[in-house]
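Here are some friendly notes to read beside the model. Take the points in order and keep the structure open as you go.

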Amino acid sequence: MILDDDPDGDWTAPGVFRCAPGVYRIPLPLPNDGLRAVNVYAVADGDGLTLVDAGWALAEARELLAKALAALDAGFPDVRQFLVTHVHRDHYTQAVVLRREFGMKVALGRGEESGLKIINSERADGTANQARLARAGAQELLRTLATMPPPPPDPAHWGYPDHWIEDGEEIVVGEGETSRRLLAVATPGHTRGHVVFADELAGLLFAGDHVLPRITPSLALEPDPTSSPLTAFLTSLELMRTRPDAALLPAHGPVGMRVHERVDQLIAHHAARLDASLTAVREGRSTAHEVAGALPWTRRETRLVDLDPFNAMLATLETASHLQVLVERGAVRVTEQDGIDYYTT
Ligand SMILES: [Zn+2]
């Protein structure tokens with residue numbers, strides 16, 4: 001059964017939800033993950049389908065996707081391609097696994113190439129984050145995280161795409177009168193090679209994790225981060241503001257918001273965090289980890305010491321990104337000593 005999407009409903013409830021003519025939202029589960037679910041969008045493509053994002057390669061997610069496709073009178077062989085917004089496992093890995101069986105094409109932003117190469121190399125995942133945490137002065141947190149290493153990446157989940165999507169590329173989905181054009185726009189920040197897909201005629205934006213309605217996306221959790229992830233992210237948000245407004249189709253969270261409305265909120269959020277970080281430095285906190293300890297975290301305003309190690313890592317890395325922007329703007333100075341960055345005003 002296909003229902004009309006309800007912005008006020010539980011967005012994680014399994015099913016197929018019509019969010020625009022020929023566009024369906026299919027939430028797939030993310031067990032043991034704070035994000036709870038990921039939205040895959042099915043777009044009518046002639047007598048088949050194009051899927052934007054693919055979900056995490058998990059048996060439960062595959063089963064629900066098969067059921068959802070059946071409700072659309074389709075099956076995996078009818079999926080022509082996956083357009084994947086970025087290389088995180090909850091978006092990419094199911095595309096790679098299904099491709100091996102069914103042969104659909106997989107496309108991913110060009111900017112993800114260097115990170116995917118590292119994932120597929122001998123170098124362990126997470127090295128980049130460890131280096132960033134060390135510079136942030138989070139040595140104790142690093143020791144805790146070292147006792148709980150993530151499982152090594154499964155090579156069966158991390159094959160290369162058939163196609164690297166370039167910034168500004170136009171992807172035609174379907175043929176004739178019912179065809180639509182999706183404009184791929186590079187939006188680095190959440191990851192280096194994140195892309196969004198704009199259907200300008202229909203006024204839709206498949207936003208991946210770039211613009212999320214209820215949370216601010218993590219920055220640069222990837223093997224090959226850019227030198228200033230927050231600057232990249234803020235620039236990519238401004239870019240959305242210069243483009244026509246559209247209905248927001250996010251990868252996590254409900255539909256129902258407008259892109260510009262949410263972009264403005266995200267920019268304001270980061271402006272406030274930059275201010276709070278600057279204040280903490282003025283008050284004498286000198287490393288990113290110390291500054292993170294002075295700020296409230298999550299909607300519940302949790303203290304850093306009360307976060308679990310993974311979220312404490314996210315908080316510390318995000319603070320390091322904020323401090324780096326303050327350095328770029330000339331508001332604070334940074335000096336390195338014994339491999340740790342110290343900030344002063
Ligand atoms: Zn995601």
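1. Start with helices H7 (residues 259-282) and H9 (residues 309-328), whose axes lie 9 Å apart at an angle of about 85°. H7 and H9 are therefore roughly perpendicular to each other (a label for angles of 65 to 115 degrees). Axes here are lines fitted to C-alpha atoms over the stretch in contact, and angles run from 0 to 180 degrees between N-to-C directions. Helices are DSSP runs (H or I, at least four residues), numbered from the N terminus.

2. A word on the source: this is a predicted model, where local features need pLDDT of at least 70, side-chain atom pairs count only at pLDDT 80 or more, and totals for chains, interfaces and linings use all residues. Residues are numbered from 1 along each chain as its sequence is written.

3. Now look at H4 (residues 127-135) and H5 (residues 139-146), whose axes come within 8 Å and cross at roughly 150°. H4 and H5 are therefore roughly antiparallel to each other (angles over 145 degrees). Gln 130, Leu 133 and Ala 134 of H4 touch Gln 139, Leu 141 and Leu 142 of H5.

4. Finally, zoom out to domain 1 (2-120 + 158-257) and domain 2 (124-151 + 273-345), with bounds from an automatic or database domain assignment. Their centres, taken over C-alpha atoms, are 30 Å apart. Eleven residues of domain 1 contact ten of domain 2.

Terms used:
Two residues are in contact if their C-beta atoms, placed from the backbone, lie within 7 Å. Helices (H or I, at least four residues) and strands (E, at least two) are DSSP runs, numbered from the N terminus. Angles under 35 degrees count as roughly parallel, over 145 as roughly antiparallel, 65 to 115 as roughly perpendicular and the rest as oblique.
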